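Here is a short tour for someone meeting this structure for the first time. Have a look at the sequence and the fold, then read on.

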Amino acid sequence: MKLYFNRPSPYGRKVLVVAHESGLMDRIEIQDVDPWADPLDFHAAAPIGKIPALVTDAGTLLTESLLICDFLFAEGGKPPLLGDARIDEMSRSGLFQGLIDAAFISVIERRRPKDHQWDNWIDRQHRAIQRTLAVTKTPPSGRFDLGDISLACGLAYLDFRLPHLEWRNQYPDLAGWLGGVLERSSMIATKP
């Protein structure tokens, strides 16, 4: 398998954490790319130009981080959840994917020339982040599923790119949980 990713990407980090947690790192060739540089070899493999992108051993291209994570968990032998447990995990994963999306959009918008930035759009993303954090419960100890991985990568991205939001002061239980999670080998190995 070949994984195209970019180290600062929270989407790429989520996939790498799952690869580590699934014991698949020795089966994956990592290709660190800058998607903004439009590298030809990356676009030949992943024409949509999105990070992360995984080319499976069968040659299938997977481009959405949720799909890639699901595939890697299955490849690593994690039995698929069924029923309510599956719905809960995917619901949390989707919610925290939205947290990552809002943070990422905010960061990218700030990279545009100042006279082209839309401050209301950035404020809207920050409000979405705040609403999401307000309804987020601290995960139970011992569990680290895709929902928890998405939350951890989202919170770590807030620390990395949006420290001015100071979410840790408002949500000390989540901050404490993240502190413990950041000690996992998969999170250490994927730190931007």
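Glu 166 is partly exposed, with a relative accessible area of 49%. In this predicted model, Glu 166 lies in the loop between α6 and α7 (167–170). As background, most residues other than glycine have a negative phi, and most peptide bonds are trans.

Asp 38 also has a positive phi, near 50 degrees, and Asp 38 is likewise a residue other than glycine. You'll find Asp 38 in the loop between β2 (29–32) and α2.

Pro 52 belongs to the loop between α2 (40–45) and β3.

## The nonpolar core

Now for the inside. In soluble globular proteins, nonpolar side chains tend to be buried together. Here, the largest nonpolar core has 50 residues. Those with the most contacts inside this core are Leu 72, Ile 129, Leu 133, Leu 155, Leu 158 and Trp 167. Several elements give two or more residues to the core, among them the strands β1 (2–5) and β3 (53–55) and the helices α1 (10–21), α3 (65–75), α4 (83–110) and α5 (119–135). Also on that list are α6 (146–161) and α8 (172–181). Which element supplies the largest share? That's α6, with eight residues.

Leu 72 makes a handy example. Setting aside neighbours within four places in sequence, Leu 72 is in contact with Met 1, Val 15, Val 18, Ala 19, Ser 22, Leu 24, Ile 28 and Leu 54.

## How α4 packs on α6

Two packed helices are described by the angle between their axes and the distance between the axes. For α4 and α6, the angle is about 15 degrees and the axes are 7 Å apart. The two helices are therefore roughly parallel to each other, because angles under 35 degrees count that way. The crossing of α4 past α6 is left-handed.

On the α4 side they include Met 90, Phe 96, Leu 99, Ile 100 and Phe 104, and on the α6 side they include Leu 146, Leu 151, Leu 155, Tyr 157 and Leu 158. By class, the contact of α4 with α6 has 13 nonpolar, four polar and four charged residues.

## Where α1 comes in

Next up is α1, which meets both of those helices. The axes of α1 and α6 come within 9 Å and cross at roughly 135 degrees. That makes α1 oblique to α6. This time the crossing is right-handed. From α1 the contact takes in Pro 10, Arg 13, Lys 14, Val 17, Val 18 and Glu 21, while α6 brings Leu 146, Ile 149, Ser 150, Cys 153, Ala 156 and Tyr 157. Sorted by class, the residues of this contact of α1 with α6 are eight nonpolar, one polar and three charged.

As for α1 and α4, their axes come within 10 Å and cross at roughly 145 degrees. Pro 10, Tyr 11 and Lys 14 of α1 make the contact with Gln 97, Ile 100, Asp 101 and Phe 104 of α4. Those residues of α1 and α4 divide into four nonpolar, one polar and two charged.

Last stop: the loop between α8 and α9, where Leu 182 is found. Is Leu 182 buried, exposed or partly exposed? At 29% relative accessibility, Leu 182 counts as partly exposed. Leu 182 and Cys 153 are 29 residues apart in sequence and 9.5 Å apart in space, C-alpha to C-alpha. Beyond its neighbours within four places in sequence, Leu 182 is in contact with Arg 13, Ala 156, Arg 168, Met 187 and Ile 188.

Arg 184 is found in the loop between α8 and α9 (185–189) too. Arg 184 is partly exposed, with a relative accessible area of 32%. Not counting residues up to four places away in sequence, Arg 184 touches Glu 21 and Phe 144. And how does Arg 184 relate to Asp 38? The two are 146 residues apart in sequence and 33 Å apart in space, C-alpha to C-alpha.

Note on methods. Residues are numbered from 1 along each chain as its sequence is written. This is a predicted model: local features need pLDDT of at least 70, side-chain atom pairs count only at pLDDT 80 or more; totals for chains, interfaces and linings use all residues. Side-chain values use heavy atoms; hydrogens and water are left out. A nonpolar core is a set of buried Ala, Val, Leu, Ile, Met, Phe, Trp, Tyr and Cys residues joined through side-chain atoms within 4.5 Å. Buried means under 20% relative accessible area, exposed over 50%, partly exposed in between (1.4 Å probe, protein chains only). Helices (H or I, at least four residues) and strands (E, at least two) are DSSP runs, numbered from the N terminus. Contact means heavy atoms within 4.5 Å. Axes are lines fitted to C-alpha atoms, for helices over the stretch in contact, and angles run from 0 to 180 degrees between N-to-C directions. Angles under 35 degrees count as roughly parallel, over 145 as roughly antiparallel, 65 to 115 as roughly perpendicular and the rest as oblique. A crossing is left-handed if the near helix is turned anticlockwise from the far one by less than a right angle, and right-handed if clockwise. Ala, Val, Leu, Ile, Met, Phe, Trp, Tyr, Cys and Pro count as nonpolar, Asp, Glu, Lys and Arg as charged, and the others, Gly among them, as polar.
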